[in-house]
Amino acid sequence: MDVHALAAALAAHPSIRSKLDIAGTTRALSISAGTAGTPGDDAAAIPAPDGTWDLLAGEGFMPQFVQDDPWFAGWCGVMVNLSDIAAMGGRATALLDAVWAPDAASAEPLLTGLRDAAMTYGVPIVGGHTNLRSKDLNLAVSVMGRAKRLISSFAAAPGHLLIAAIDHRGQYRPSFDNWCAALDAPHERLRRDYEILPELAEAGLVDAGKDISQGGIIGTALMLAESSRCGFDIALADIPLPQGVQLERWLRSFPSFGFLLSVRPERAEDVCDVFAARGISAAAIGHATDSSRIDLTSGGARATFWDYAAAPYIALAKEIAHA
């Protein structure tokens, strides 16, 4: 394996580079990781009077994806928001949708996907916005949730192990690098799987982590590292792959259920065992370092995928006192 060529190909891929837009937006809004809600996490975390946290997140979708696969886009509108809440150690409570379409017939598959997913996961859609006089079909969805104890993007520390927990029981959708393991799964299993993250948080087994987003394992590792001001060495040989899937594609894939967790070494086995008991692949694929780089290692070779000190990625880091 040419690890240098792999690192370069990933760093140039559109799904990785699309996250660079975040920094420009946060500058325009005058927000940073130190402002209310700690932007840069998977959901805004607002302290509640009882010592818990109110969570708020939202997702807008690539127009081409919505137009090419509207039912699945509607499904994803629910699914990815629930993952953002789970990634914070929370439980989702309600969803809002915003739909634009040329007419009611065009909107129908999108709305059906939203409805089907909301019923499957047991989280209600409580309102939203509809425009049936738009030129194109588009979608945005927001979610509310609650957490007793947070999993943070800002708490990874040198010495932690990086665990990838991903449901491999699926396949790619026809377009984009979307790995879906949800459509044929029993509803009760899907609901129970989203309990894993808050239970791990409440047990004190996980301090830091993120939902694996459109940037895949590699882009999400970079966002987690930059937010926490650490680096990661990722051992390519330690990354479990679904049967028949190539490593480069898997590193940039967006799984329907997938999380990166930064875990203290003595807790890693317990964390992996919890996922394994649910039939979900979980393995340590690397470790956090005292650097600003995401390095890929393979057979004694090492290549830097990204150095955020030289080229900031999402520019949403804040100072953390590592424990």
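**A loop residue and beyond**

Guide: Arg-229 is found in the loop between α9 (216-228) and β10 (231-235). Helices (H or I, at least four residues) and strands (E, at least two) are DSSP runs, numbered from the N terminus. The model is predicted: local features need pLDDT of at least 70, side-chain atom pairs count only at pLDDT 80 or more, and totals for chains, interfaces and linings use all residues. Residues are numbered from 1 along each chain as its sequence is written, and side-chain values use heavy atoms, with hydrogens and water left out.

Now the backbone. Most residues other than glycine have a negative phi. Arg-229 has a positive phi, near 55°. Its relative accessible area is 40%, so Arg-229 counts as partly exposed (buried is under 20%, exposed over 50%, partly exposed in between; 1.4 Å probe, protein chains only).

Another positive phi sits in a hairpin. Gly-51 has a phi of about 90° in the turn between β1 and β2, where 5 residues separate the strands. Strand β1 (residues 44-47) runs antiparallel to β2 (residues 53-60), joined by 4 bridges. Two strands pair if DSSP finds at least two bridges between them. Ala-44 faces Leu-56 of β2. Strand β2 also runs antiparallel to β5 (residues 138-147), through 8 bridges. There, Gly-58 has Ser-142 as its bridge partner.

Next, arginines over rings. Arg-249 places its charged end over the ring of Tyr-172, 3.6 Å from the centre. Arg-173 lies over the face of Phe-72, at 4.2 Å from the ring centre. The test asks for NZ of Lys or CZ of Arg within 6 Å of the ring centre and within 35 degrees of the ring normal.

The whole structure holds 11 aromatic pairs. One is Phe-305 with Trp-306: tilted, 5.8 Å centre to centre, 55° between the planes. Rings of Phe, Tyr and Trp (its six-membered ring) pair if their centres lie within 6.5 Å; planes under 30 degrees apart are stacked, over 60 edge-to-face, the rest tilted. Phe-305 has 5% relative accessibility and so counts as buried. Trp-306, at 7%, is buried. One aromatic cluster includes Trp-71, Trp-75 and Tyr-121.

The lining of the second largest pocket has 8 nonpolar, 2 polar and 4 charged residues. Nonpolar covers Ala, Val, Leu, Ile, Met, Phe, Trp, Tyr, Cys and Pro; charged covers Asp, Glu, Lys and Arg; the others, Gly among them, are polar.
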